[in-house]
Structure formats: C-alpha cells, structure tokens
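Subject: Handing over a structure, with notes

Dear colleague,

I am passing the structure below on to you, and my notes on it follow. Please read them with the structure open beside you.

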Amino acid sequence: MNPRQRFNAVVNHREPDRVPIDWGRHVGSIHRAGYVGLKHHLGDEELRNEDAVLDRMVQNVYPDEKLLRKFNVDFRWLEPHWVGVQEVEGEDAYIDMWGIKWVKMLNSYSLYQSPLAEAAIPDLDTFPWPDPYNPAIWAGLGERARWLHENTDYVIVADSIKGGLLTKALQICGYMRFFSALAGELDFAEAVLDKLLWLYKEMWSGYMAEVGPYVQMVYFTDDIGAQNNMLISPPLFRRLLKPRLAALFDHIKGLGDVKLSYHTDGSVTPVIQDIVEMGVDILNPIQTSAMGMDTYWMKEEFGDRLVFHGAIDVQQMLPFSTPGQVRYDVAKRIWDLGRGGGYILSTCHDIGEDVPPENVLAMFAAAWEYGNYPLDLASVLKPEDLHPLASKPDLAQQKAPIERRVRPKR
Amino acid sequence: MITKPTQDEIDAVLDGIYEHTLNGQAEPVVALTEQALALGVEPLGVLFDALIPALEEVGRLFEAGEYFVPEMLVAAKAMQGAMGILKPLIAKTGAKPVGTFVMGTVKGDIHDIGKDLCNIMLEGGGFELIDLGVNVPPEVFVEAVRQHKPDFVGMSAFLTTTIPMFRPTMDALAAAGLREGVKIFVGGAPVTQEYADQIGADGYAPNASVLVRKCKEMLGRA
C-alpha cells in the first residue's frame, strides 16, 4: 500500500499493511534545539532546516524531507502562514495577527499580553480582528498541495490555522478574563466565541478553496483538556463549544473530500462521545500522560467510531525513558489502538529539546518494526499488556452531581 | 433602640457569604461581609465561619471533578473582595496568620494561572502570601526567604524544560543556609509526586486545593 491507500484503510476502520506514521505538523514536530541535537547524533551535517521555524511560538522546525523519508513518515503537511506579525522594538517579543503579545522565555515564546483583557461586548465590534480573507495566509499552499498530489503518494494534510475557539478566546481575552466569563458572564463568552467561529469559517473557506482538491485530511486544534481533568465542565462544553465546533467542522468538511482530525491536549474522557457527535473522524493526540487517557479502554469504547492519532507521549515518556522503554511503549500503543486498523502513530506534541536523540530514533524504529499487520506483538508485550483489563477511567466528571455541603456551624 | 442581633440573623448572613462565595458572586459577598461586621461579627469570625469553609468546599468540589477552573476562579475572586475588607481589620487585632508562604514561577517560565490559583486559595486558607511573580531567579527566592522567614516556599513550572530549575533554586537556598528552615512545594502540569521526591522537595500538590490541605497538615492545623 502507498501512504494514501494506507490512510484510506485506516480511516475506514480496515487493517492497512502497517500503522501509518505521522510527524511534522505545527503541534507535532521537533524543537529546533532538539533538531540540532538529533542532527549531531546522526552525524549528518547535510541535514537542513534547523533554522526553518515552523511555529514561532514553540520554536519547532520543519523536519528535512530526508528525515521524513528516513523515519517513514506517511504524511506531508501544509502550514498556513503567519501574517500581520509585528516585532516589538527592544525586546525579543512579537505581536501576532490577533494582537496577542508573546515574549521569548528560554527556548520558546510565552503569552504575555491579551488585547481583550478588559473588553466588554461592545468592544468586540470595534476590535481590529484579523482579515479572514487575507490571501497571504495560504499563499503558495495550493501550488505545493497540487505538486504533492501529482508527484507523491503521501497523505496531504491542511494544518490548523493556529488556535481554536476556546484556545483563541483564552489567549485573546487572557485566561483570567475568559475563565471568569465562563463562570458568570456567558453573554460575553458567547459573543467572543461567535466572532471567532465566524472568522475561522471564513478563513477555512479561503484556505480550502486553495488546497481542498488535494488534501485528504484537515486538522483543527482546540484544547479543552488539562492535566487532571477538563478545562471546563462537560455540561459547559456541551452548551458552549460543542455546537459551535460541530458547525465549524460541518462547514470545513463541506469544502472538500476530507477526514477531520481534531486536536485537544489533556484529559477529555467525559466528552469523547460528544467529540464523535461533532463530526470528528480522527482524535488527536490522546495525551497518555493526562488523567484517564487509557489507550486500551479508549479503543474498546470508541474504536468503531473514532480513529486515533498520536499517543506517543512527549511530556513524561519520551524525555524520561530509556530507548528500550520507548520501544516498549510504542509496541503497547500499537497494540492498544491499532488492532483492526484505526491508528495513526505520532508524537502527542513536539519533541522537546529534553528528549534524547536515541529515544527519537528508538520511537521511529519501533513504529516501523512493530507496526506491520497482522500485528505480532506476543513476544514483545508482557501478558498483562497483551490482554489488559480495560481500566475504565474514573470519570468523576460523569458521576451524578455531587451534593454541596451547607456551611458547617460551630 | 438597637437590639442585639440573634444568632439566627447572624447565621443567615454567614450562610449568605458562604453560598455566594461558592457561586462566585463577588458583589453580594462584599455586601454581606459588611453586613456581618455591622451586626458585630468579628472579622476573624467572618473568615473562619464563612469564607474559609466556602473555599474548602470549593476545593472539595474541584477535587471531586464537580468544579472546574472557571468556577474555582470566580469563587476565589469573590473571596478576595471580602478579604480586601477583612484584612486590615484582622491586622489591627494582631492575629497571626496560619503560616507564611513564599510563591513564585521559576526562572524561564512565565505561566501564572496555576500559581495564582494557589495564591488565592492559600490566602483564603488564612496564609500570609508573598508572591514573587513569574520568571523568578533562585537569588530572588533566597532573598525572599531570608527576609520573610516563611514556613513554605512554592515553586511552579509549566514546562518539562523549566522544571529543571527547581533543583538549582533549592541548591541556592541550601547554599545560603536557608533550606532547613522551610518546606518546599513544587507543582505545575508536568510535575509528579515521583519527580518531587526525586529532587528532594518536601511536597507536591496536583492542584491549589490539595496544596492548602497539605500545608495545613504539615503545620498540624488540618
């Protein structure tokens, strides 16, 4: 099978010849310092792109095509451009097209100032929002997509126009302002989300007009999970975000013959059924270091409705494991999520500069070695991992509402 | 003639402070706090009989997965409004705080939401809080510990690339001869109990509510 045939089998829940491998997107590539380390480790001084920054905020790079081939990567990504970026004089900082200020800290940029931190609803009408019709956002991408389509067999993906509804609302209003609005000023929260929904719809229309005929997958990022539970309650997610994301996904999927991969970091176990109902085909990244994100359980419970994309953890597993442990984890994820197809292997996020190059190589080598169908991992995995009991996560958020206690009297 | 308020009247006001704090409604919390004081309730009474129990309940609901960051945040903000009134009054009485806590996000990291939630919950729990802000170098932690002689130092880091700053900060405290006198807590998304143990921190908390509880336990005030 070529990569597109492989992808086609996977997204239709059939067994492909091997588990497809993905790498090189804006939230799933490698930090430039890690890239330099990898390059030296490989002893390949010809490897290019250490200055080809993909996403300025996280300072990751476009991996060299040579490396994508070496690691048997099946996907090639189209990256919307950053437009309207203003440099800040005298600081290592910039203001993006949304008016959000980012400052350099150590090896990446952190959110520093949000333009709508003091805003009320009327301010949303006068705020200088980015121009959703600015063709510079996708300049050249149509041409690259057509070239890839005509000259290669790779799966072509339209990467997210960075930031989703909740993520962008939190960044543009500031976390404190928007979280507070979510707990008491829903009119304001909804007005911001509606504005963002409209902007993203218009942007995706323009983007897909360029690349739509050539792409097989689109990617949309909007984080709703945190380390130990969701960022917002499941009922609030269902009320505020689910209908808007569903409308946006319906719009995007109407613009081409594409499967949609939805990215949310963190723990999202209580709303996976809702995610299916939003029209999501592929869930990314299955952050296994977050609470309850048990891959075996997820496949048992949702494997007939969702394709899984990711699951190779960059927060705990890749930085703090030996190469042998990395190989084992890769085998386990392939077994948990890949039985019967339905799994695209990838890192959950960027490979940080704290990941030893040996572990990067071990991951891609194990993905290639263990990913062949029919899966034959009986000699690799421990019996308890071959036949795990699906450990249903503690879905505290799904339990019956917890009674509030009244004030204790002295 | 002014009659002495009954205990029922006082309880009704304190119940109101408690309920509105749980709901994150800042305005009624402030209004009812003033009303409680007017009825003759001691400032420490408002704190210990209404506000602290409310924040403890917020913490319990958060840990149980019933409350999320937005609900916790507005509850804490509602409490802050009342604290603005009570703090100067409590200071006048000479009452001692439960303990003193120096808090900061480590050098190279400017993530502040987790730290700020901890600050609010600690203050709500009766601690004196010295917030050093974000991107705090080890020498600033050292100076703050020397000056304030806190019971606790809290270090926050959101990134796997900034959690390595915990250890040099602890080393700097040790070099200054200040490590023995304080309990050190570490926290932030990538931090685990295992990591905290490995670097020799005294404590780890996965969220603000657990932090307050653990600090009180260490002080024997739980």
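This is a predicted model: local features need pLDDT of at least 70, side-chain atom pairs count only at pLDDT 80 or more; totals for chains, interfaces and linings use all residues.

Residues are numbered from 1 along each chain as its sequence is written, and chains are lettered from A and ligands numbered from 1 in the order in which they are written.

The two chains together

Helices (H or I, at least four residues) and strands (E, at least two) are DSSP runs, numbered from the N terminus.

Chain B

Chain B is divided into domain 1 (7–93) and domain 2 (100–218), with bounds that come from an automatic or database domain assignment. The centres of domain 1 of chain B and domain 2 of chain B, taken over C-alpha atoms, are separated by 26 Å, and the contact takes 13 residues from domain 1 of chain B and eleven residues from domain 2 of chain B. On the side of domain 1 of chain B that touches domain 2 of chain B, the elements giving two or more residues are α3 and α4 of chain B, and α3(B) gives the most, with seven residues. That side of domain 1 of chain B has ten nonpolar, two polar and one charged residues.

Two residues of chain B deserve a look. B:Val136 is in the loop between β2 (128–131) and α6 (138–148) of chain B, and B:Val136 counts as buried because it has 25 C-beta neighbours inside 10 Å. A residue is buried if 20 or more other C-beta atoms lie within 10 Å of its own, exposed if 12 or fewer, and partly exposed in between, with C-beta atoms placed from the backbone. Leaving aside residues up to four places away in sequence, B:Val136 touches B:Gly104, B:Thr105, B:Val106, B:Lys107 and B:Phe141. B:Lys149, in the loop between α6 and β3 (152–156) of chain B, is exposed, with 12 other C-beta atoms within 10 Å, and its phi is near 45 degrees, a positive value in a residue other than glycine. From C-alpha to C-alpha, B:Val136 and B:Lys149 are 18 Å apart in space and 13 residues apart in sequence.

Chain A

Chain A holds an open sheet of seven strands in the order β4-β9-β10-β11-β12-β13-β14, with parallel pairing; two strands pair if DSSP finds at least two bridges between them. At the edges stand β4 (75–78) and β14 of chain A, each with a single partner strand, so one side of each is left without a neighbour in the sheet. Within the sheet, strand β12 (residues 282–284) of chain A and β13(A) pair in the parallel sense over two bridges, and A:Ile282 has A:Val307 as its bridge partner in β13(A).

What covers the buried residues of helix α14 (residues 357–370) of chain A? The cover includes α2 (32–42), β13 (307–312), α12 (317–320), α13 (323–338) and β14 (343–347) of chain A, and among the buried residues are A:Val360, A:Met363, A:Phe364 and A:Tyr370.

Finally, some backbone features of chain A. Most residues other than glycine have a negative phi, and most peptide bonds are trans. A cis peptide bond joins A:Asn284 and A:Pro285, with omega about 0 degrees, and A:Pro285 lies in the loop between β12 and α11 (295–302) of chain A. Another cis peptide bond joins A:Tyr373 and A:Pro374, with omega about -5 degrees.

With best wishes

Notes
Two residues are in contact if their C-beta atoms, placed from the backbone, lie within 7 Å. Ala, Val, Leu, Ile, Met, Phe, Trp, Tyr, Cys and Pro count as nonpolar, Asp, Glu, Lys and Arg as charged, and the others, Gly among them, as polar.
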